[in-house]
Amino acid sequence: MSAFDVMSDTELYQPVTVEDAVVLASRLAENAWLVAGGQDTYGWLKDRAKNTQAMIELSRIPELSGIKRSASGIEIGATTTLTEIANSKLIQQLIPLLGEAAQHVASPQIRNVGSIAGNIAQDTRCWYYRRGLSCYRAGGNLCYADTPEGMNREHCLFGASRCVAVSPSDTAPALVALGATIVIADSSGNHTIAAEDFFVGPDIDITRMNILKPGQIIVSIHIPADPEINVRHYFEKVADRNVWDFALVNIAVSLEMQAGKITKARFVCAGVDCKPYRLKEVERYCENKAAGSETAEGAARLAAKGAVPLNHNHFKIALMQNLVRRALRG
Amino acid sequence: MNAKLTRRRFIKGVIASSVAAVSSGSALYVNAASGAVHLGIVERLITLTVNGRKRRVDVLPQEMLADTLRKRLGLTGTKISCNRGECGACTVLIDDLAYYACSTLTHSVSAKNIRTVEGLQAADGTLHPLQQAFIEELSPQCGFCTPGQLMSAVALLQSSPKPTRQEARQALSGNLCRCGAYEQYLNGVMRASGQKRQTGKTGL
């Protein structure tokens, strides 16, 4: 792969209203690339691994940014930066899980520009794919990671279907654990979808990580929050380096507690599947049990049930088990 | 060697003359897009506010801020190293927040205040307290990452004038130093904020 200093020629659009952005996105369709913080975009374009004729920059649209209290919880604009989310008093108070997840993304400079929508809609980091190789995901007929020589230490345990790439986001598992919904705008209006259904695996569509089609824009994210309910949360990210690195495995846990017992549990990991992976067996096991080391041991045994490791990623099974154990020991 | 013609001045001269060549060439630039959509398309000639001064500059739609600063405005204090937002050498302040200039579209910050390492020293040449502290603590080793480390440290001290060493470590965590002079940079930040070193804790 040859390295380039600059991106190739593109047009740049800077709409200032959502309506204009939607008109542009639907007219330009697959010829345009949506940019908010751009931290996932510029690498693709500089490397010439992907190209686009035009960029639509969304950071000038005021209505896409900001954190508001809504009737049922919190509403976060799509281009709100990860730093704003991590520092928001409202989020620290009502949904600290998301604040912690945002705080663990990349580096301070990237969090200062990186948006929440960009973080959940980012592409996978599989280096064979990022290098511009013609793999299944890029329209070819081979997976370079899942071969006897393939370097797949960072790849998936679950949900492989020709492609073995993983979802690298830190905020996506937190949003799924919190039961968030995502509002998407296109030329036919606004659509709301549960965060869990926003992500798609390679069995559904191998060329995309989520349901966003050309012409569609994430407008906002709604997170239900009821201060009356006692919720315990846990977030931990394991990566080779504390800064920049994507998670090998991360876990976002939300436990609704009543009289010392877990009434509703959500355990979500990223880095193990092409989409945020819900540990449903662990969730069922935890219900009506007290959080503590006894429950933690039982839940840990179920954490990686059904995992199909590749040559170099068996360690992720132990990681998942330990993360579940630590989440419940708390 | 002629004292007035240092290596730095010579390189700056070459850059300035090529800027002139580029700008005159780009007047002939023809928009090659289909022309079907004109909604919100950017003007190439924009005014940037850099270190408090307004600068008119002709910027390509896909141009990165680090390129604009170095190649069009001659502000070569901002270094380009990885050019992928993975090292921090190009860190600048945009409305007092640290950004990677190599991964920021110039057009996206055209309405904001840009501050580079050249804007740190006072008009009379007095160094910024952080620059002075970095010198006194021998913070830089080879010095290539220093402009970026400075800008991250300036951003920190603006929002939190008396940071703990741990807070400083986190604020500077987006800047790589291949010489490994991290502790010396932290010593510099602690000195500039008028505090003791508070050594002993490591890790983020």
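Into which domains is chain B divided? Domain 1 covers 45-119 and domain 2 covers 129-192. Before I go on, please keep in mind that this is a predicted model.

I'll stay with chain B for a moment. The C-alpha centres of its domain 1 and domain 2 lie 20 Å apart. Where the two touch, 15 residues of domain 1 of chain B are in contact with 13 residues of domain 2 of chain B. On the domain 1 side, strand 3 (91-94) and strand 4 (97-100) of chain B each supply at least two residues. Strand 3 of chain B gives the most to that side, with three residues. By class, the domain 1 side has eight nonpolar, five polar and two charged residues.

Strand 3 and strand 4 of chain B pair antiparallel, over four bridges. One pair to find on the screen is B:Thr91, whose bridge partner in strand 4 is B:Tyr100. The hairpin they make has two residues between the strands, and B:Asp95 there takes a positive phi near 45°. Strand 3 of chain B also pairs with strand 5 (residues 113-115) of chain B, again in the antiparallel sense, over two bridges. In that pairing B:Leu93 stands opposite B:Arg115.

Now the contact between the chains. How many residues of chain A are in contact with chain B? The count is 33 residues of chain A, against 29 residues of chain B. On the chain A side, the elements that each supply at least two residues are strand 1 (11-13), helix 1 (18-28), helix 2 (41-47), strand 3 (54-57) and helix 6 (108-113). That side has 15 nonpolar, eleven polar and seven charged residues.

Next, chain A by itself. Chain A is divided into domain 1 (11-59), domain 2 (62-121 + 166-224) and domain 3 (231-329).

Domain 2 and domain 3 of chain A have C-alpha centres 21 Å apart. Between them, 23 residues of domain 2 of chain A are in contact with 22 residues of domain 3 of chain A. Helix 5 and helix 9 (171-177) of chain A are the elements that give two or more residues to the domain 2 side. Helix 9 of chain A gives the most, with five residues. The domain 2 side divides into 16 nonpolar, five polar and two charged residues.

On to the sheets of chain A. One is an open sheet of five strands in the order 4-5-8-6-7, with antiparallel pairing. Its edge strands are strand 4 (67-69) and strand 7 (189-194) of chain A, each of which pairs on one side only. From one strand to the next the twist averages 25°. Within this sheet, strand 5 (residues 73-77) and strand 8 (residues 217-224) of chain A run antiparallel and are joined by five bridges. A:Ile74 stands opposite A:Ile223 of strand 8.

Another open sheet of chain A has four strands in the order 9-10-11-12, also with antiparallel pairing. Here strand 9 (230-238) and strand 12 (277-278) of chain A are the edges. Strand 9 is joined to strand 10 (residues 249-258) of chain A by nine bridges, and A:Glu236 has A:Ile251 in strand 10 as its bridge partner. Helix 5 (residues 96-103) of chain A packs on this sheet, touching strand 9 and strand 10, with its direction at about 10° to that of strand 9. Helix 13 of chain A lies across strand 9, strand 10 and strand 11 (261-270), at about 30° to strand 10.

Last, what does helix 13 do with helix 12 of chain A? The axes of helix 12 (residues 293-303) and helix 13 (residues 315-329) come within 8 Å and cross at roughly 155°. Angles over 145 degrees count as roughly antiparallel, so helix 12 and helix 13 of chain A are roughly antiparallel to each other. The crossing is right-handed. From helix 12, residues including A:Ala296, A:Ala299, A:Ala300 and A:Ala303 meet residues of helix 13, among them A:Met320, A:Val324 and A:Leu328. The residues of this contact divide into seven nonpolar, three polar and three charged.

Note on methods. Residues are numbered from 1 along each chain as its sequence is written. Chains are lettered from A and ligands numbered from 1 in the order in which they are written. This is a predicted model: local features need pLDDT of at least 70, side-chain atom pairs count only at pLDDT 80 or more; totals for chains, interfaces and linings use all residues. Domain bounds come from an automatic or database domain assignment. Two residues are in contact if their C-beta atoms, placed from the backbone, lie within 7 Å. Ala, Val, Leu, Ile, Met, Phe, Trp, Tyr, Cys and Pro count as nonpolar, Asp, Glu, Lys and Arg as charged, and the others, Gly among them, as polar. Two strands pair if DSSP finds at least two bridges between them. Axes are lines fitted to C-alpha atoms, for helices over the stretch in contact, and angles run from 0 to 180 degrees between N-to-C directions. Angles under 35 degrees count as roughly parallel, over 145 as roughly antiparallel, 65 to 115 as roughly perpendicular and the rest as oblique. A crossing is left-handed if the near helix is turned anticlockwise from the far one by less than a right angle, and right-handed if clockwise.
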